[in-house]
Amino acid sequence: MVTIKKKKWIPVRRSNLKYYDELDLYYMNRQAENVMLYKSAGLKFTDEYLKENPFHGDLYIKPEDKKKCLRQAQIGFSADLTHNVMNADTNKVKEGLVELVGEALSDPRAGGLEVMQEPMEVIVDGYAKQPEIIKNLARISLTDYTTTIHSINVMALTVGYCYYTGKSFEQTVSFGLAALFHDIGKTEIPNEILCAPRKLTDYEFHLVKSHPRLGADILQANSPAVHSAIPGALEHHEKLDGNGYPGNKNSISEIGQVLAVIDSYEAITNDERLYRSAMDPMQALEVLKKDVEAGLLSPKVFVDFAYSLTDTNRGKNSEKYKKIFQGFQLA
């Protein structure tokens, strides 16, 4: 029995409990303000066990078990992911990603982000075999639009962009991980600010704008396996004219330029706000085109990304976007 205040307990997702046979799981007795052991490591978690040992609220793990928790979830998820991709079940692919990525982002400073490497390899391999399954990930809307869902959508769009532009398997995995972690700094910003249905105060806006640096710090504190994602986290809000943030840079890495386009596109096509409705793809591209013409975004990335949305075979569906590029000169 341990008092809650002495340890930072990490909640685990109920849908992932089937993966946690080798973990001690705990529940909180709120009235007595203590933590009780629910299931010992080595004891298989089954529907029958749950029926015989019901609990209310969440189950928790010790902070030092976070990496083990993610690794066990990743092993089970990778097997499920391969099965669901091969069976063209996009809904289950997305649901599984939401659970695994949500678990990884629940306390990213506790480490373990490197376990996303293997699922990303499965996704990239799946795109090569069944591109429409992965492309459709970003088109499936779930009930709540969260940082996790936004990050998964940006990842799916980025993998499509990499495939269209002919990047190698290794480059695509690296870009996909950078996309998945680009907003990881937002995990340290209160959700009531991120989802505020009103104009933010100057202080709140300043806090939101700190998320690229927070994200870079989180990734730096994790395994070197995810350090390649740091430029994407740090630079996806930088602009080529030097008026972006957090560093007012005009010399931006390739992944920073790619995510600047795709992050904006995904947000304005999926994130409904009280002050604006989500746009359809063509409207969104028209908006981004203005930013390109103003010197904020990369013309080449923009054009390649626009074609990658429907065209995996370079030119097959190019008529769709001709009007977008009329009179549009690439730098």
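In the predicted model, the contact between helices α7 and α12, defined by heavy atoms within 4.5 Å, brings Phe175, Ala178 and Ala179 of α7 against Glu254, Ile255, Val258 and Leu259 of α12. By class, this contact has 6 nonpolar, no polar and 1 charged residues, where Ala, Val, Leu, Ile, Met, Phe, Trp, Tyr, Cys and Pro count as nonpolar, Asp, Glu, Lys and Arg as charged, and the others, Gly among them, as polar. Helix α7 spans residues 169–180 and helix α12 residues 254–270, and the two pack at an angle of about 55 degrees with their axes 11 Å apart. Helices are DSSP runs (H or I, at least four residues) numbered from the N terminus, and axes are lines fitted to C-alpha atoms over the stretch in contact, with angles running from 0 to 180 degrees between N-to-C directions. The pair α7 and α12 is therefore oblique, a term for angles left over once those under 35 degrees are taken as roughly parallel, those over 145 as roughly antiparallel and those from 65 to 115 as roughly perpendicular. The crossing of α7 and α12 is right-handed, in the sense that the near helix is turned clockwise from the far one by less than a right angle.

Helix α12 also packs on α6, at an angle of about 125 degrees and with the axes 9 Å apart, so that these two helices are likewise oblique to each other. Their crossing is right-handed, and the contact comprises His150, Asn153, Val154, Leu157, Thr158 and Tyr161 of α6 together with Val258, Leu259, Ile262, Asp263, Tyr265, Glu266, Ala267 and Asn270 of α12. The residues of this contact fall into 8 nonpolar, 4 polar and 2 charged.

Helix α6 (residues 147–164) is in turn packed with helix α4 (residues 117–129) at an angle of about 50 degrees, the axes lying 11 Å apart, which makes α4 oblique to α6. Here too the crossing is right-handed. From α4, Met120, Ile123, Val124, Tyr127 and Ala128 meet Met155, Val159, Gly160 and Tyr163 of α6, and this contact has 8 nonpolar, 1 polar and no charged residues.

The loop between α11 (230–235) and α12 holds Pro246, which is joined to Tyr245 by a cis peptide bond with omega of about 15 degrees. Asn248, also placed in the loop between α11 and α12, has a positive phi of about 50 degrees although it is not a glycine. Most residues other than glycine have a negative phi, and most peptide bonds are trans.

A search of the whole structure finds 1 cavity of 30 Å³ or more, a cavity being a set of points on a 1 Å grid over the protein atoms alone where a 1.4 Å probe fits but cannot get out. The lining, made up of residues with an atom within 4 Å of a point, consists of Glu238, Lys239, Leu240, Ile252, Gln257, Ala260, Leu296, Leu297 and Ser298, and divides into 5 nonpolar, 2 polar and 2 charged.

Residues are numbered from 1 along each chain as its sequence is written, and side-chain values use heavy atoms, with hydrogens and water left out. As the model is predicted, local features need pLDDT of at least 70 and side-chain atom pairs count only at pLDDT 80 or more, whereas totals for chains, interfaces and linings use all residues.

Technical notes: On a 1 Å grid over the protein atoms alone, a cavity is a set of points where a 1.4 Å probe fits but cannot get out, and a pocket is an open set with protein on both sides within 12 Å along at least five of seven lines; lining residues have an atom within 4 Å of a point. Grid points are joined across faces, edges and corners, and a volume is the space filled by probe spheres set on the points.
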